[in-house]
Amino acid sequence: MIDQGKTQLNQLTDYIMKNCLWQFHSRVWDRERQNEGILTKTMQLLCGEPVEKETPADKCYWVDAVCLADAYKENFTWINDMEKEDIKTLMKELKERIDFLTITGSLNAELKDPRY
Amino acid sequence: MPHHLFKCSECIPEREKHAVIKGEGEDLSDALPLGYLNTIPGTISERGCAYCGAKHVIGTPMKDVIHMSHGPIGCTYDTWQTKRYISDNDNFQIKNTFATDVKEKHIVFGAEKVLRDNIKEAFKAFPNIKRMTIYQTCGTALIGDDIEAVAKDVMEEMPDVDIFVCNSPGFAGPSQSGGHHKINIGWVNNKVGTYEPEITSDYVINYVGEYNIQGDQEVMQDYFKRMGIQILSTFTGNGSYDNLRGMHLAHLNVLECARSAEYICNELRQRYGIPRLDIDGFGFKALADSLRKIGLFFGIEDRAQAIIDEEVARWKPELDWYKERLKGKKVCLWPGGSKLWHWAHAIHEEMGVEVVSVYTKFGHQGDMEKGIARCESGALAIDDPNELESLEAMRTLKPDVIFTGKRPGEFAKKVGVPYLNAHAYHNGPYKGFEGWVRFARDIYNAIYSPVHQLALVDITKDEIADTNFLTQNLISDKDLSEEVKNSTTLREYTGNYDSVSQFRTKEYPEFERTKKAANS
C-alpha cells in the first residue's frame, strides 16, 4: 500500500526497493552503472527530455526507466504538478539515497569482490 | 534491525549474525544477515552440496541430454526425480538418470576406464541422444580422475556427440550456490559460441534462470510466442543443449532466478554486449511490468499490453476471491534462494497475507537485501537456517502456513503447521497469471483444509456426530461480509487440472520478419 504520509523522497525510494530489481546487481561497479543509467533516464522522462536508447545497454536502462516513471506518475500524482527543476532536484536526492542504500551504505560484503 | 539469536542456538553464538528482525523505519544499511559462509558443522543445516547445485538445479533440466554422474550411486539416486523440471519431450531427463556407479575399488585404482565404458554404453542405449553432461562428485574429484580427457577421447572416437564436463564436486562450495557458479562459468567458457541455432524472429531472447518447474517455462514461453519473440535458449528448464550453445546470438537476456544464473548473464554482457533484464514471473503486477519491459525493449509493447489485458480480465476475479479469504493470514516464506524476494511483496500485496519470516537456505547477502527490502517491518530474516531454529521460529511466530521445501515441510506438518512446496509447488505451475491463482488456491486449501479440525478428533472417544464438521467454505467465509460472500464477480479457480499441456499443441500467430539475421 502506498503511504501518502511519507516524505516524497521516501515514497519514491520505497517504491524502488519494494518493486524493482535493477538496483541489486552483485558488484559495486555494476550497481553504479545501473543506478546511473536508470535513474538518469527516469529523470529525463519525468522532465520530458530526450532519452538516449540506441545501444542495447541504453535501451535496457530505458525500459526500466519507462516503467518507473509511469509508476511514479500513477502512484504519486504530486509529481505531475512539479516544476522541472524541482523534479531534477528530487531525482538527484533519490539517486543519492539509492546509491547509499545499495552501494556506499550497503553491508553486502560480496559487492567488493573484483570478479563476477 | 536487531540481530536475533535463537534460544536453541545459544551454544553456537556465531548464528546471531545470520538472523535479523526488520524494524519499523529501518533500512538495509542498519543490518543485514551474513550469507554464503561455510556451514557450521552440526547445525542440521537445510543446505545441499555444490554437486546438487550444478547437476540437479541447473544441469539436469536440459531435456535432450544424457546426464551422467561420475561417482557413487547415491549422488545420482538422491538427485533423481526429486525436482519437477518437466519437459515437452516426455520428460526424458526425469525418467532416466545415469551414473558410473563408482565403487571402493575404483576409488583405489582410478575410475577413468569405468567412465569411458559408461559413456559409450549410455550413448549406445539411447542412440537418438547425442549430447551428454558429466558431473564430477566428491570421490572422483579427490582421486583426480581427468574427466575432460576421457570426454575428449570419446568425442574424437564419436564425432557426432558433444560432451560437457562439469567439475563441481560436492565440497566445491559452501552450498548448492557454489555449484550454480561453477556450471554457469563452465558453460559460458566451454560451450557458448560453439553452435549457431536458427534465428526465426526479429526479437530474440535467452530466458535465463528458469527451470520449468511444473511447466513455468512453458507458461512464459506462451506469452513470448504470442508476442512473436523467439526464445533462442532457456537456461535451462525445458532447454536444449545445442540452443544453449548459441546463447551469444540473443538480443536480450531475460533473467528470472538471479541467484543461480546471474553469473552467465554477467559474462554474456561482458563478452558479447547482451544486456541483462531482471524480471519477476510471479504476481500480476510484477509479471505485467516484466512483459511490458520486454515488449518495450523490442518496440512491441502493444503486443505485451494486449496479453496483459486479456490475462488480467480472465484471472483477476479469481485471485481476488482468494485474497478476500487470505487477508491477514501469517506466512513464513522459507525457500532456497530467490523466492524470498520474488514472492515477499507480491503475496502481501496481491493475496493480503502477512509475511512474518523470510529465509534463504543457500542465498547470498544480495538475496537478503532484496528479500528484506520487499518484506514488511517485523519480519524475521534468517540465513542458512536449520531444523531447530525453524521449529523455534514456528512456535514463536505461529504462522498459518509455511512455503518451504518438502523436507522442512514434513517437520512443519508434525507440529501442526501446513506447508506448501516452494521449490517444486503442490499444484503448479505458479508462474503466469493463471499460475498465481493456482498458488492462491493451494494456500487457501492448505489453511482451510477441514483436516486441521478433524485430525484433533479422537475416534476412540469422541462421538462422530458431535464433531460439528465444517467444510472449507464454512471455515473461510465465517467472518466475510455478505457482499463478498455473495459476489457475482469474484469466483473460485476455474482452470483445468493440467494447465500446461495445451501449450504443446497450440498454434501461434506468424509475425512478418523485417530483418533477416545472417544464419536464418
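Begin at the boundary between the two chains: select the 26 residues from chain B and the 24 residues from chain A that make up the contact. Two residues are in contact if their C-beta atoms, placed from the backbone, lie within 7 Å. On the side of chain B that touches chain A, colour helix H11 (258-272), strand E9, helix H12 (284-298) and helix H15 (365-374) of chain B, each of which gives two or more residues. Helices (H or I, at least four residues) and strands (E, at least two) are DSSP runs, numbered from the N terminus. The most residues on this side, 6, come from H15(B). Sorted by class, this side of chain B holds 8 nonpolar, 8 polar and 10 charged residues. Here Ala, Val, Leu, Ile, Met, Phe, Trp, Tyr, Cys and Pro count as nonpolar, Asp, Glu, Lys and Arg as charged, and the others, Gly among them, as polar.

The structure is a predicted model, in which local features need pLDDT of at least 70 and side-chain atom pairs count only at pLDDT 80 or more, whereas totals for chains, interfaces and linings use all residues. Residues are numbered from 1 along each chain as its sequence is written, while chains are lettered from A and ligands numbered from 1 in the order in which they are written.

Next, colour chain B by pLDDT, the predictor's confidence in each residue, from 0 to 100. The average for chain B is 95, and 98% of the residues score at least 70. The model scores ipTM 0.95 and pTM 0.96.

Now select strand E9 of chain B again and show the open sheet of 4 strands, ordered E7-E6-E8-E9, with parallel pairing. Two strands pair if DSSP finds at least two bridges between them. Strand E7 (230-236) and strand E9 (276-278) of chain B are the edge strands, each pairing on one side only. Strand E8 (residues 252-255) of chain B pairs with E9(B) in the parallel sense over 3 bridges. Zoom in on B:Leu255, which stands opposite B:Asp278 in E9(B).

Finally, colour the two domains of chain B: domain 1 (50-190) and domain 2 (204-311 + 500-504). Their bounds come from an automatic or database domain assignment. Between them, 20 residues of domain 1 of chain B are in contact with 21 residues of domain 2 of chain B. On the domain 1 side, helix H1 (50-59) and helix H8 (176-190) of chain B each supply at least two residues. The largest share of that side, 7 residues, belongs to H8(B).
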